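Subject: Structure handover

Hello,

Here is the structure I promised to pass on. Please open it first, then read my notes below.

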Amino acid sequence: MSKLSQTFKADWYEASARERIAGLLDAEGFTEFLGPEQRAMSPHLAQFDLTGAFDDGIVVGRGRLDGRPVLLAAQEGRFLGGAFGEVHGAKLVGLLRAARDAAGPDGPHAVLLLLDTGGVRLQEANAGELAISEIIHAIIEVRSAGIPVLALVGGRAGAFGGGGIITACCSRIIASEHARVSVSGPEVIETNKGVEEFDSRDRALVWRICGARTRYLTGGVDRYVKGSIQNFREAAIALIAHTPAFELATLKAEQRRLSERLQRFGDCRDAPEIWRKAGLPEPEHIAEISDDAFLAIQRIKGADHDAR
Amino acid sequence: MEQFQVHGASKRRAGGHRRQVITGANASGNLEVLVERVLPDLECQVEVATAVTGFRPIWEAVIKEFFERASPGGLRFSINDGGARPDTVTLRLMQSVQLMEDKA
Amino acid sequence: MTLDDVLTSLFPTGHQVQRGPAGTLHGLAKVEGHGKVTVVGIVGGTPLGVDAAILLAGHVLAAVEASDRAPIVFLADTSSQNMARRDELLGLNEYLAHLTKSLALAAAHGHRTVSLLFGHAAAGAFIAAALSSQSLVALPGAAPSVMDIPSISRVTKLPLEQLERLAKSTPIFAPGVAPLFAIGAVTQTWAADQPFAPRLADLLRQPVPTSDLRDQIGLERKGRRLAQTIAARVAAEAAAHA
């Protein structure tokens, strides 16, 4: 592994997909499946006058995390916003099916999804959307086979659209301050419903509504980390040890916690209203305080759960 | 869309033993470079795919200068360009050779 | 077709399906040869938001708890996910995922799941309401999409005319039943000239798919020529390196 990836780009947000993989996994090396030299690229971009990526914007393969075998996928958020196209999506489907089929004492300990995506690649809309459904189906199969699937979100694209839905189908979610996890993008809401409903240029608003701090305090993500790759690695190792099973009891518990959230906060339109109702300290400042100060805040009742 | 190759000769084989490296990203103002050690020792080649048309002469000049500076014998470079400026192209190509030669 | 037309054609001997809050539908019905089915739905062109999603998931989980393996029929005449600041603040992604997971759990517990689309379904609503069942049937009036072409034009900054022209030549991004059938998303299309009840009974009789075959189907129908091959190649490399 080159020193380039060790000394620079220790920050998850700034790092490329490959740099995140190098910093996240054990040093002994990552075996990539269908690597860039195979040139499995999108055939659908040329007609839109777009050049492609040799790996179609997603790296999939196997490595070790804390000595244990894991399968991993990392999206390159800088390529077409990390969006799902036919080949991109199929690579992730194949990885998940491999995990499912290898389940057992010698099989993967976890599947790590380094999500960095705006959702469906519109130039390949149907294929991308269907791939997302296939990915969700495959994640559920992997979880049902007893292998946890972890979502790691902290890049510039966030986890939007189908990516936000995929995130919430995982066993555990780790996110850093930069992360946004949502369905509709703020611009799309503004276009459809007007600037009063969502001023997409108000960055602070975007992060209050979609950002990792709001998600973490409400139980929408499971671990909030500071932004280094090392922080993500530590969180992943810790969380793999205890993950919810995909079963009726889990989904019933999720039904309860999501119903309660609606009952308690269903009339809120901004994060500080939720913090006020929940009795959190200094609601107006939670978005601005340091990560250390933020991590000292106690989460809303019910946010710490196994119901995913 | 343009796709073209620039061939060159090198005085020596590029050092190191790495067979392949990929760096950069096809994003606005950036480029992705895949390097493969697949050519005869004293040959080099850059393959470019770009949506920004009409700049082939500049690409060729940048690439020929890179061949002179780096002597990347045996290496084939494949580029997916996102509209990078010439100095960014040079930087990426130089970075990619350094990674191939294990000097980084 | 109206909702009542659809319900009458599906359940000619009668049903107990009723409208609920937030555009939802719920109730029991009977299918010849299969007994009871649980019907849920999002109708009236209502966008799928947190309120509807939690209600629908609740009905699905209740059906699973009944442990009778009765089929679940999901009727959809929706829109996209609800585009609202409040829904995003509350974590719409979790609610849609929860509904999707609940349907998957039901299928794993032996409940045959079928989505019947007779109106719009786009984006996140398409994923949760239409694509999350074992079978997706397009009824007359079905208008599925990922995004409408004018919005795609706005987001990608590509000219409308170019998009409309390209839409005709490739099923990979164009809205509509035909391209989504071609890529493997839509299982069957039912025309209005035949009653739906026997077709539903027939569909429910067919062997339960043990895995997701949509990429295989997309290859056979030539709408998605790469997905299945790519997934298979990745899986093969993973197995070879094990």
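Among the two pairs of chains that touch, which has the most contacts? That is the pair of chains A and C. Contact here means that the C-beta atoms of two residues, placed from the backbone, lie within 7 Å.

Before the details, some conventions. This is a predicted model, in which local features need pLDDT of at least 70 and side-chain atom pairs count only at pLDDT 80 or more, while totals for chains, interfaces and linings use all residues. Residues are numbered from 1 along each chain as its sequence is written, and chains are lettered from A and ligands numbered from 1 in the order in which they are written.

How the chains meet

Between chains A and C, 76 residues of chain A are in contact with 68 residues of chain C. Helix 4 of chain A (residues 125-144) gives the most to chain A's side, with 13 residues. Helices (H or I, at least four residues) and strands (E, at least two) are DSSP runs, numbered from the N terminus. By class, that side of chain A has 39 nonpolar, 22 polar and 15 charged residues. For the classes, Ala, Val, Leu, Ile, Met, Phe, Trp, Tyr, Cys and Pro count as nonpolar, Asp, Glu, Lys and Arg as charged, and the others, Gly among them, as polar.

The contact of chains A and B takes 16 residues from chain A and 17 residues from chain B. On chain A's side, seven are nonpolar, four polar and five charged. Chains B and C do not touch. Their nearest C-alpha atoms are 14 Å apart.

Chain A

Chain A has an open sheet of seven strands in the order 1-2-3-4-5-6-7, with mixed pairing. Two strands pair if DSSP finds at least two bridges between them. Strand 1 (31-33) and strand 7 (223-225) are the edge strands, each pairing on one side only. Neighbouring strands are turned by 25° against each other on average, direction ignored. Strand 2 (residues 58-65) and strand 3 (residues 68-75) of chain A run antiparallel, joined by eight bridges. There, A:Gly63 stands opposite A:Val70.

Helix 11 of chain C (residues 227-240) lies across strand 1, strand 2 and strand 3 of chain A. Its direction is at about 150° to strand 1 of chain A. Axes are lines fitted to C-alpha atoms, for helices over the stretch in contact, and angles run from 0 to 180 degrees between N-to-C directions.

Helix 3 (residues 86-101) and helix 4 of chain A have axes that come within 9 Å and cross at roughly 10°. These two helices of chain A are therefore roughly parallel to each other (angles under 35 degrees count as roughly parallel, over 145 as roughly antiparallel, 65 to 115 as roughly perpendicular and the rest as oblique). Their contact divides into 12 nonpolar, two polar and five charged residues.

Chain B

Five strands of chain B form an open sheet in the order 1-4-5-3-2, with mixed pairing. Strand 1 (2-9) and strand 2 (20-24) of chain B stand at the edges with a single partner strand each, so one side of each is left without a neighbour in the sheet. The twist averages 15° from one strand to the next. Strand 1 and strand 4 (residues 43-50) of chain B run antiparallel, joined by eight bridges. B:His7 has B:Gln45 as its bridge partner in strand 4.

Helix 1 of chain B (residues 56-70) lies across strand 1 and strand 4 of chain B, at about 30° to strand 1. Helix 2 of chain B (residues 86-100) packs on the sheet too, touching strand 2, strand 3 (31-37) and strand 5 (75-81) of chain B.

Chain C

Strand 2 (residues 24-31) and strand 3 (residues 35-48) of chain C run antiparallel, with eight bridges. They form a hairpin with three residues between them. In that turn, C:Gly33 has a positive phi of about 90°.

Helix 4 of chain C (residues 92-108) has 17 residues and reaches 24 Å from its first C-alpha to its last. Of its 17 residues, 16 are buried, so helix 4 of chain C is largely enclosed by the rest of the structure. A residue is buried if 20 or more other C-beta atoms lie within 10 Å of its own, exposed if 12 or fewer, and partly exposed in between; C-beta atoms are placed from the backbone. Just after this helix, C:Gly110 takes a positive phi of about 95°.

Best wishes

Notes:
The expected span of a helix is 1.5 Å times one less than its number of residues.
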